[in-house]
Amino acid sequence: METPGSQSSLHRANLERVVRAVRMAGSLTQAEIARATGLSAATVSNIVRELKDGGTVEVTPTSAGGRRARSVSLSGDAGIVIGVDFGHTHLRVAVGNLAHQVLAEEAEPLDVDASSAEGFDRAEQLVSRLIAATGIGRDKVVGVGLGVPGPIDVSSGTLGSTSILPGWSGINPADELSARLGVPVHVDNDANLGALGELVWGSGRGVKDLAYIKVASGVGAGLVIDGRVYRGPGGTAGEIGHITLDESGPVCRCGNRGCLETFTAARYVLPLLQSSHGPDLTMERVVQLAREGDPGCRRVIADVGRHIGSGVANLCNLLNPSRVVLGGDLAEAGELVLAPIRDSVSRYAIPSAARQLSLAPGALGGRAEVLGALALVLSEMGDSTLLEGSVGSVGSGGTVRPLSGTATTPAPAFT
């Protein structure tokens, strides 16, 4: 029986601090663990030895600053996490281990708007298929991160706007998927997960205050303040797509006129070009044509960039982020869209906020949301379960299970 303040409870707390630091970083040297936790080098060395003997972590030789060091990561056999990303037109699933390696990943087209039941059926099938591909038992699943293209009501867990996914009205996505898979599910909107993915592994690394802007069927922003995703008390923070640009503009699906979304989202932009470029035009194709020099596509992307820049300027004036990361297909346009965004920010933002802002395309592309879903599980899971049955039980576990099936070997890192 551990009592608060006892040596055993202090030791347990230190174990969890080390495991938490390694879990969030993927891998750290022992010196980095000491800096991250505030523990002494000797204490870290003893804890790492205990965790290694118990099979919770793996230690491999590395170098740091030209000196020999030891890299510590969670055991590849400690558990797996699953990321599920529902887009309006796709479903993407990834399976990763606690050492921040993707073991299997697959995407397929899906009309998510049509039916929530079909979406969850397909997700369940794809998750099962990818787990089987890794050769790892389902009992190793620690949790699932789920991304949906709409705000999640914090109090009820349901979608906060029925106009975005009318076929999902009244559905609690986390409960629905958890009932099917039998494991804990953590849910968030896709823009927040994109922000989390870029924060941990992409263009937001090393930044504590950023906004991730995703332009697709809709427009949303994932906001990171002081290193944490900010969702607001009702879960609707970051709905930048509904900033009013023109009160006499087109009617938006939210019921207002002239929202940013009505000038930038694919459903409003593509019709401007379909008469000259065909009815099957996609934003991905528009970006490709623009990069190849098509004048119409270039003009449309520049206009979209200027409108996005107006929204970014509002964010600068309100939140003063140090970085804005642009995600979605538009990010592939590079300076064709980034330069107009900068022009609008320079024009409409407070000069001091504009000077401090850096603008970057997302580094993770279409994988940002599903990797953010994996990061969500890693951030929400507890450390106690990783220590049960391993610490103090030398020789239990500790073996990395080889991959089999269609999983990539060696598994690529989340980055």
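Helices are DSSP runs of H or I with at least four residues, strands are runs of E with at least two, and both are numbered from the N terminus. The model is predicted, so local features need pLDDT of at least 70 and side-chain atom pairs count only at pLDDT 80 or more, while totals for chains, interfaces and linings use all residues. Residues are numbered from 1 along each chain as its sequence is written, and side-chain values use heavy atoms, without hydrogens and water.

**View 1. Leu-319 in helix α11.** Helix α11 spans residues 295–319 and contains Leu-319. Because its relative accessibility is 40%, Leu-319 counts as partly exposed (between buried, under 20%, and exposed, over 50%, with a 1.4 Å probe and protein chains only).

**View 2. The largest pocket.** This pocket (an open set of points on a 1 Å grid over the protein atoms alone, with protein on both sides within 12 Å along at least five of seven lines) has a volume of about 1,100 Å³. Its lining (residues with an atom within 4 Å of a point) comprises 45 residues, of which Thr-89, Lys-214, Ala-216, Ser-217 and Asp-329 lie nearest the centre. Elements that each supply at least two lining residues include β5 (90–97), α6 (190–201) and β9 (210–215).

**View 3. The largest cavity.** A cavity is a set of grid points where a 1.4 Å probe fits but cannot get out. A search of the whole structure finds one of 30 Å³ or more, and the largest has a volume of about 30 Å³. Its lining consists of Glu-198, Leu-326, Gly-327, Gly-328, Ala-331, Glu-332, Gly-362 and Gly-365.

Terms used. Points joined across faces, edges and corners; volume = space filled by probe spheres on them.
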